[in-house]
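Take a first look at the protein shown here. The paragraphs that follow lead you through the model step by step.

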Amino acid sequence: MDRPELGFLLSRLMREVMAREKPILEAAGLEMWDYAVLTALAESDAPTQAQLAATTGRDKTRLIGNLDRLEADGMVERQPDPADRRNRIVSLTPAGSRVLDRCRKAIAAMETELLADLDPGDRAGFERALTTLAEAGR
């Protein structure tokens with residue numbers, strides 16, 4: 001093989017991306033899992049915390065701490081589900097949307113810097129390939 005395995009390469013890239021994202025998220029008062037929750041809720045409300053856990057890949061018992069913190073900071077709200085009062089519908093608040101938007105903009109700038117050495121065509125191809133592979137894995 002002419003190159004290291006994909007797992008090795010992706011792992012190295014992921015560690016670098018996470019190291020660069022961490023100060024951005026910390027400046028917003030977020031942990032990585034908080035950001036994952038906000039991102040998932042930006043796509044749609046979560047009808048149950050269990051479904052939110054499945055969407056984010058976060059263990060549902062650990063997700064509660066993230067939700068408690070995000071709710072205390074006014075970024076998410078949990079309301080009883082009118083169809084089943086045992087469930088809570090988790091929603092992103094306007095404040096949560098603003099924090100998420102600021103983080104996304106800062107992360108986009110970081111990604112531009114990270115990928116600056118790539119030819120524009122290579123960067124576009126890389127981003128397309130990652131998106132295709134990630135969507136196929138859903």
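Two residues are in contact when heavy atoms of theirs lie within 4.5 Å. Keep that cut-off in mind. Leave aside its neighbours within four places in sequence, and S91 is in contact with L41, D45, M75, V76 and E77. Remember, too, that this is a predicted model.

Now step back to the whole chain. The protein has 138 residues, and 27% of them are buried. Its secondary structure comes to six helices and two strands. Read from the N terminus, the elements run α-α-α-α-β-β-α-α. The C-alpha trace spans about 55 × 30 × 25 Å along its principal axes. Next, look at contacts with a separation of 6 or more. Of these, 52% are between residues 24 or more positions apart.

Return to S91. This residue is found in strand β2. Is S91 buried or exposed? S91 counts as buried, because its relative accessibility is 12% and the cut-off for buried is under 20%. The side chain of S91 also makes a polar contact with the side chain of D45, at 3.1 Å.

Strand β1 covers residues 76-81, and R78 lies in it. R78 has a relative accessible area of 13%, so this residue is buried too. Which residues does R78 touch, not counting those up to four places away in sequence? They are Q49, I64, L67, D68, E71, R88, I89 and V90. Two of these partners also make polar contacts with R78. The side chains of R78 and D68 make one of 2.6 Å. The side chains of R78 and E71 are joined by another, of 2.8 Å.

In soluble globular proteins, nonpolar side chains tend to be buried together. Here the largest nonpolar core holds 24 residues, and L30, L38, L41 and L52 touch the most other members. The elements that give two or more residues to this core are α1, α2, α3, α4 (60-72), β2 (84-92) and α5. L52 is another of the core residues that touch the most other members.

Then turn to open space. How much space lies in the largest pocket? It comes to about 1300 Å³. The lining has 28 residues, and M14, E21, Y35, E111 and A134 lie nearest the centre of the pocket. Helix α2 gives the most, with seven residues. By class, the lining has 17 nonpolar, four polar and seven charged residues.

Finish with one more residue of α2. A36 is found in this helix. Its relative accessible area is 23%, so A36 is partly exposed. That value falls outside the range for buried, which is under 20%. Along the sequence, A36 and L100 are 64 residues apart. In space, the two are 9.9 Å apart, C-alpha to C-alpha.

Key:
Residues are numbered from 1 along each chain as its sequence is written. This is a predicted model: local features need pLDDT of at least 70, side-chain atom pairs count only at pLDDT 80 or more; totals for chains, interfaces and linings use all residues. Side-chain values use heavy atoms; hydrogens and water are left out. On a 1 Å grid over the protein atoms alone, a cavity is a set of points where a 1.4 Å probe fits but cannot get out, and a pocket is an open set with protein on both sides within 12 Å along at least five of seven lines; lining residues have an atom within 4 Å of a point. Grid points are joined across faces, edges and corners, and a volume is the space filled by probe spheres set on the points. Helices (H or I, at least four residues) and strands (E, at least two) are DSSP runs, numbered from the N terminus. Ala, Val, Leu, Ile, Met, Phe, Trp, Tyr, Cys and Pro count as nonpolar, Asp, Glu, Lys and Arg as charged, and the others, Gly among them, as polar. A nonpolar core is a set of buried Ala, Val, Leu, Ile, Met, Phe, Trp, Tyr and Cys residues joined through side-chain atoms within 4.5 Å. Buried means under 20% relative accessible area, exposed over 50%, partly exposed in between (1.4 Å probe, protein chains only). A polar contact is a pair of N or O atoms within 3.5 Å; within protein, one must be able to donate a hydrogen and the other to accept it, and residues adjacent in sequence count only if both atoms are side-chain atoms.
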